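Here is a short briefing on the nonpolar cores and aromatic contacts of one protein. Have a look at the structure first, and then we can go through its rings together.

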Amino acid sequence: MQDFDWWQHSVIYEIYPRSFQDSNRDGIGDLSGMARRLDYLVGLGIDAIWISPIFPSPMADFGYDVANYCEIDPIFGTLQDFDRFLEEAHHRGLRVILDFVPNHTSDQHPWFLESRSSLKNPKRDWYLWRDQPNNWLSSFGGSGWEFDEKTGQYYYHSFLKQQPDLNWRNPDVKAAMYNILRFWLRGGVDGFRVDVMWLLIKDDQFRDNPPNPGYRAGLPSSHQLLPVYNSDRPETHSLVTEMRAVLDEFPGRVLIGEIYLPVQQLVTYYGPDLKGAQLPFNFHLLQCAWNAEALAHSILSYYDALPAGAWPNWVLGNHDQPRIASRIGAAMAPVAAMLLLTLPGTLTLYYGEELGMTNVPIPAEQVQDPAEKNEPGLGQGRDPERTPMPWDASPSAGFTAGVPWLPLGDDYPTINVEALEQNPSSILHLYRHLIRLRRTSPALVHGKLKLVAADRHLLSFQREGEKERFLVLLNLGYDSVQLPLVNATVVISTYLDRIAESVNGSFEIRPAEGLLLRLP
Ligand code: GLC
């Protein structure tokens, strides 16, 4: 795969650092803990690690409220720990992608402290201050505007009031943020996942958003309005292009954007002449109903929308979304793994997906996530998908010698890395096989995607490279399906039996089975 950039044939693995591995008994994961688990990641076969924010933060939104972009929060370690982690990762051939949170800072960031100190402060215009609020809402509930007693104006926050939005129309803000990118790029990081890329810039006239005709009771309050004037503004693209240009000052780095938008808008983030984000995250599988027709439609509409030369990517889980095994059922999780790992382009896994980890119910008194605290019971809470990685069956699952910051799932004595390692037909082994196959069969990474089809519960497609041709058959139902198939060889079944079985004539796919077949 020499003709491709590393990120094009990568499986990226998202680590939510609070929950991966603790090393100092405080019940919260850290960099030294993560470093200890690098060999596990090498064994899994992934290529790159994306770490959710590890910068100093009051943790109002667990690191997505950054108080210093060029340091490491003591909860996670020190800059030296990070350098060591990076070196050890690189030494093992793993790339490291950091989370860049440019839309807002913490309200404790020195810039904001200065900005709110007086109307005349040179940093006043670094944030969005107004005499009167408009109707824009916070994604975490309530108005997006907070009144500041001392200076008598309101500031805008897309998320918590502890997360004031920066003013990306101010050239000094841009320069400061681009220098932060350079700081980490010089330090050797391989790229960035940019938080809420599509929200970066707001309407310069601060026009009110129109009501959302689709709103109904029970939805989060932020859905009451359509985010016309505070998201996906045309000016965002020049910022993305500028960020990309900063990354291009350094060879071989990748810019990934977190973007929740319909495909037609999403793909504009590749930028003019593909000079925007190399990978605008494609969350459409993650939001798609789990049936063959909807998935086929999602895959095809994304594919059709991709600009010429744009590189596809797919995501099934992240720290903001219910875990896939909970969404579709644990029995179906292996089929999701096969779907993801046989699609073309770059793939992103969320830690624990390879164990079939499910959402962990969080008792009300243990809720941590502000999204849940602010608007309880609407299903916004993200703690259930952020619980500690279960490594073994010991107390606290080998995650910590202290008390874990979020509870472990009840099933951790059986669903943990050590136990699944020992079971050769576990989902963990399936992930390993499938990831390894992408290395040995480049047709799976960059071969053509053909004949995407849905037939009742069966989703199928072909992958065609120069030397190899594969057929992927995914039974999304719980009944067997009989197929009139001739002349193919099973490369792998999600049941992890049938390997190398040759198939001739009529053929059965078992309930919730995925099959990867080699065609002659
Ligand atoms: C992104 C992050 C999410 C965070 C929000 C505000 O959506 O993924 O976890 O709460 O931005 O920074």
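Searching the whole structure turns up 33 aromatic pairs. One of them joins W111 and W126 in an edge-to-face arrangement, with 5.0 Å from centre to centre and 65° between the planes. Please keep in mind that this is a predicted model.

**The W111–W126 pair**
- W111 belongs to helix 4 (residues 110–115), while W126 sits in the loop between helix 4 and strand 4 (129–130), so the pair ties together parts that are 15 residues apart in sequence.
- Both partners are buried, W111 as well as W126.

**An aromatic cluster**
- One aromatic cluster is made up of Y13, F20, Y40, Y350, Y351 and W391.
- Y13 also has a place in the largest nonpolar core, where Y13 and F82 touch the most other members.

**Nonpolar cores**
- As a general background, nonpolar side chains in soluble globular proteins tend to be buried together.
- The largest nonpolar core here holds 159 residues.
- Leaving aside residues up to four places away in sequence, F82 is in contact with L31, I51, I54, I72, V96, L98, W184 and V189.
- Another core, of 13 residues, lies apart from the largest one, and its members include L483, V490, V503 and F507.

**Charges over rings**
- Which ring does R18 lie over? R18 is placed over the face of W405, at 4.2 Å from the ring centre.
- R510 has its charged end over the ring of Y495, 4.0 Å from the centre of that ring.

Note on methods
Residues are numbered from 1 along each chain as its sequence is written. This is a predicted model: local features need pLDDT of at least 70, side-chain atom pairs count only at pLDDT 80 or more; totals for chains, interfaces and linings use all residues. Side-chain values use heavy atoms; hydrogens and water are left out. A nonpolar core is a set of buried Ala, Val, Leu, Ile, Met, Phe, Trp, Tyr and Cys residues joined through side-chain atoms within 4.5 Å. Buried means under 20% relative accessible area, exposed over 50%, partly exposed in between (1.4 Å probe, protein chains only). Contact means heavy atoms within 4.5 Å. Rings of Phe, Tyr and Trp (its six-membered ring) pair if their centres lie within 6.5 Å; planes under 30 degrees apart count as stacked, over 60 as edge-to-face and the rest as tilted. Helices (H or I, at least four residues) and strands (E, at least two) are DSSP runs, numbered from the N terminus. A charge sits over a ring if NZ of Lys or CZ of Arg is within 6 Å of the ring centre and within 35 degrees of the ring normal.
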